[in-house]
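The entries below follow the order in which I looked things up.

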Amino acid sequence: MTPVIEVTDLQKHYPVRKGLLRRQVGAVFAVDGVSFSINQGETLGLVGESGCGKSTVARTVMRLIEPTGGSIRLNGTDITGLSKAEMRPFRRQMQIVFQDPFSSLNPRMRAGDIVGEVLEVHHLTRGRATEARVAELFAQVGLRPAQMAGYPHQFSGGQRQRICIARALALDPQLIVCDEPVSALDVSIQAQVINLMMDLQRDKKLSYLFIAHDLAVVEHISHRVAVMYLGRIVEYADKRDLFLNPKHPYTEALLSAVPVPNPRLKRQKRILQGDVPSPMHPPPGCPFHTRCPYVEPRCRQDVPTLREVAPGHLVSCHLHGL
Amino acid sequence: MAGTDYSAELNKAGANATGVFGQLRFLARSYPLGAIGAAIMVLFVFCAIFADLITRFDPLSTNAAISLARPGGQHWLGADFMGRDVFARLVYGARISLAVAISCTAIGSILGIAIGLAAGYLGGWVDLLTQRLTDIMQALPLLVLALVMSAALGPSLRTTIIAISIPLVPYSARVIRSNTLAVREMAMVEAAKAVGMSEFRVAVRHVLPNTIAPLIVLATAQFGSTILTEASLSFLGLGIPEPYPSWGRMLSESAAEYIRTAPWLVIFPGIAISLVVFGTNLLGDAIRDLLDPRQRG
C-alpha cells in the first residue's frame with residue numbers, strides 16, 4: 001500500500017543576508033533532513049519544543065513554503081516541484097488546520113461562506129448545492145446549520161476550530177495537516193475537538209499529521225510519534241513504544257516533563273540544562289550534545305543517523321545501536 | 001435587594017436603543033460632537049441636492065439694479081457686484097463642493113487601494129517602486145502639486161477634480177499598504193492559499209476587506225480637505241471657472257475689492273467653507289472612535 005504522504009529528507013534553509021550587497025552569510029536550518037510517511041487512516045504525531053521546525057514541516061508539506069531540498073510524495077506522486085496551477089488538484093487531497101482559530105478565519109465573511117467558498121473555488125458545487133453541502137459539513141463537525149449565517153467573532157474558540165475543520169473537510173481530503181490545532185483552546189474544549197477529529201478519522205479514513213507540544217494530546221490521538229529537535233527527527237516510533245520505552249535522551253527528558261496528576265508519585269525528573277542552540281549555528285556532531293546528560297566525546301564530532309534499533313523504532317543517538 | 005432600578009444605567013448603555021431612530025438617538029448622545037458634524041453634513045448634502053427648491057433665485061443671472069445689495073429683504077445674504085444673489089450662489093456652490101469632494105475622495109481612495117494593495121501584497125520591486133514614487137509625491141505639498149497640475153491642464157471642473165485627487169493617492173496607498181502587510185501574514189491567508197485560491201482572489205476577497213476600516217477614517221478627513229483645496233484653487237483662479245458658483249472663487253472675486261465696502265461677500269462663503277470642513281472633521285473623529293474601540297474613552 002502506498003502511503004498517503006511520504007516525505008524524504010525534507011530541508012528548509014532560510015538564507016541570512018547581510019550588508020549592502022545582500023550577500024548570503026549563513027542560513028537558518030529550520031528543517032534539516034526530515035523523513036516520515038503516513039498511511040491511510042493513520043495519525044503521525046510530531047512533537048518538539050518551540051522553534052524546532054514543526055510548523056515549518058507542516059507548511060512545507062502543504063507547499064505553502066518551498067522546500068530547499070528533499071521530496072514530498074502525495075499518494076505516490078511527487079509534488080515537490082509542481083507549480084501553483086499544477087498543485088491545485090492535489091490541494092483537494094490535503095488540507096490544513098491552524099493553531100489560532102481567531103486569525104485563520106476571515107472576520108468579514110460569514111461562517112457558511114468561508115466553508116462554501118472552498119467548494120466554489122474548486123467548482124465542486126454552486127448556489128443551493130453549496131449551501132446544502134456546507135450544512136452537511138457543519139452537522140459533521142457538530143455545529144448547527146443555522147450557525148452558517150454567523151460571523152467568526154460570534155463563535156467561541158472551539159466552535160471556530162470546528163469551522164476550520166469543516167473548511168478542511170470540504171474538499172474531502174485524505175490527509176489533514178494539523179498545526180497545533182488545540183493548543184489555543186481550553187482543556188475541556190481540547191478534548192471535544194480531539195474526539196471530533198478521531199471520530200472523523202474513523203468515519204472517513206483520514207490521515208493526520210498532528211503537530212503538538214502537548215504530549216498527553218499526542219499520546220491520545222497518534223498511532224506513531226516523531227520527536228523533533230533542532231530541525232531533525234531524533235526519535236520515531238509507535239506511540240506505545242515511544243511512551244513506554246523512550247530511547248533518545250531528549251525524548252526521555254520531554255516525557256519526564258509531563259505533569260502527573262498524583263502529587264505523591266515521586267519520579268526521577270530529568271530537567272535539561274541550557275537552551276536550544278540557534279538553528280543558524282547548529283552544534284557540530286549530534287545537535288543535542290550541548291544539553292545531553294549522557295554526552296560522550298564522539299557526540300561532539302560524529303552526526304548520529306536515524307537507525308532502527310528495534311522493529312519500527314528509529315533513534316538518532318550514539319548510545320543506541322552499533 | 002429587590003427593586004434596584006437599573007433602567008437609567010441600561011438606557012445609558014444603549015440597551016433600549018431599538019430601531020433606526022432609537023439607535024441614532026443613542027449614537028447622538030454618545031458622540032454629541034459627531035452628531036453636530038453629521039447634522040452639518042446632512043444640511044450640506046441637502047442644500048446640494050435640493051438647491052433649486054431652496055432658493056428661487058438663479059445663481060448665474062445678473063441684475064445691475066441690486067449690485068452689492070446689503071443682506072436682508074428679498075436677498076437674505078445680499079448680492080455681489082454683478083447683482084447675483086449670494087444665498088443662491090452659496091446653495092448652488094454646495095453642489096460644486098460636494099461633487100468635488102465625493103469624486104476626489106473616491107478617485108484618491110480607489111487608486112490608493114489599488115496601489116497600496118499591490119505594493120503590500122506583492123512586495124518586492126512593485127513595493128519598492130510604488131513606495132519611492134509616493135515618497136516623491138508626498139515630498140511636494142498637496143496644494144502646490146494641485147496648483148501645478150491645474151495650471152498645466154487649464155481650469156475646468158474635471159481638471160480640478162484630477163488635480164486634487166492625485167495628490168491624495170499616496171496617503172490612501174500608505175494606509176492600505178501598511179494594513180496589507182499585517183493582514184497578509186495572518187493564518188487565514190495561508191488557509192486560503194492551502195485551498196488553492198488564486199493570488200488575486202486571496203488579495204481581493206481576504207486581504208482587502210480587512211484593510212479598509214482605517215481608510216474610511218482617512219477618507220472623511222480627506223473629504224473636508226478636498227473642499228478646502230478646491231476653494232483654495234478657485235481662490236487662486238485655477239479651480240472652477242466663471243460663472244459657476246464655487247465658494248472659493250466667491251471669496252477671491254470679492255476679497256480684494258469689497259472686503260471693506262461689502263464684507264458679506266467674503267463672510268458668508270468663508271462661513272460656508274469653515275462650517276463644512278468643521279463638520280467633516282467632527283464626523284470623521286466620531287467615525288474613527290466608533291470603528292476603533294480602543295480609542296473610545
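In what order do the elements of chain B run from the N terminus on? I read them as α-α-α-α-α-α-α-α-α-α-α-α-α-α. The count for chain B is 14 helices and 0 strands, where helices (H or I, at least four residues) and strands (E, at least two) are DSSP runs numbered from the N terminus.

Ground rules. This is a predicted model, in which local features need pLDDT of at least 70 and side-chain atom pairs count only at pLDDT 80 or more, while totals for chains, interfaces and linings use all residues. Residues are numbered from 1 along each chain as its sequence is written, chains are lettered from A and ligands numbered from 1 in the order in which they are written, and side-chain values use heavy atoms, with hydrogens and water left out.

Chain B overall. I noted a box of roughly 75 × 70 × 30 Å for its C-alpha atoms, taken along the principal axes. Of the 297 residues in chain B, 46% are buried; buried means under 20% relative accessible area, exposed over 50%, and partly exposed in between (1.4 Å probe, protein chains only). I then checked contacts, meaning heavy atoms within 4.5 Å. Among those in chain B between residues at least 6 apart in sequence, 70% join residues at least 24 apart.

Helix α6(B). It has 16 residues and reaches 23 Å from its first C-alpha to its last, close to the 22 Å expected, the expected span being 1.5 Å times one less than the number of residues. I found V126(B), D127(B), T130(B), Q131(B) and T134(B) buried. They cover an arc of only 115° around the axis, so they lie on the same side of α6(B); the arc is that of the directions from the helix axis to the C-beta atoms. These buried residues pack against α5 and α9 of chain B. The face turned away from the buried side carries exposed W125(B), L128(B), I136(B) and A139(B).

Helix α9(B). This helix, residues 169–183, has 15 residues and reaches 21 Å, close to the 21 Å expected. Its buried residues include V169(B), A173(B), I176(B) and T180(B). Among the helices that the buried residues of α9(B) pack against are α5, α6 and α12 of chain B.

Sheet in chain A. Which strand order does the open sheet of 4 strands have? I read β2-β1-β4-β5 (chain A), with antiparallel pairing; two strands pair if DSSP finds at least two bridges between them. β2 (23–38) and β5 (77–78) stand at the edges with a single partner strand each, so one side of each has no neighbour in the sheet. β4(A) and β5(A) pair over 2 bridges, and R73(A) has D78(A) as its bridge partner in β5(A).

Cores. The largest nonpolar core has 73 residues, and V115(A), I176(A) and M197(A) are among those with the most contacts inside it. A nonpolar core is a set of buried Ala, Val, Leu, Ile, Met, Phe, Trp, Tyr and Cys residues joined through side-chain atoms within 4.5 Å. A second, separate core of 36 residues includes V61(A), L82(A), F90(A) and A194(B).

Last entry, D214(A). I found it in the loop between β8 (207–212) and α7 (215–221) of chain A. At 32% relative accessibility, D214(A) counts as partly exposed.
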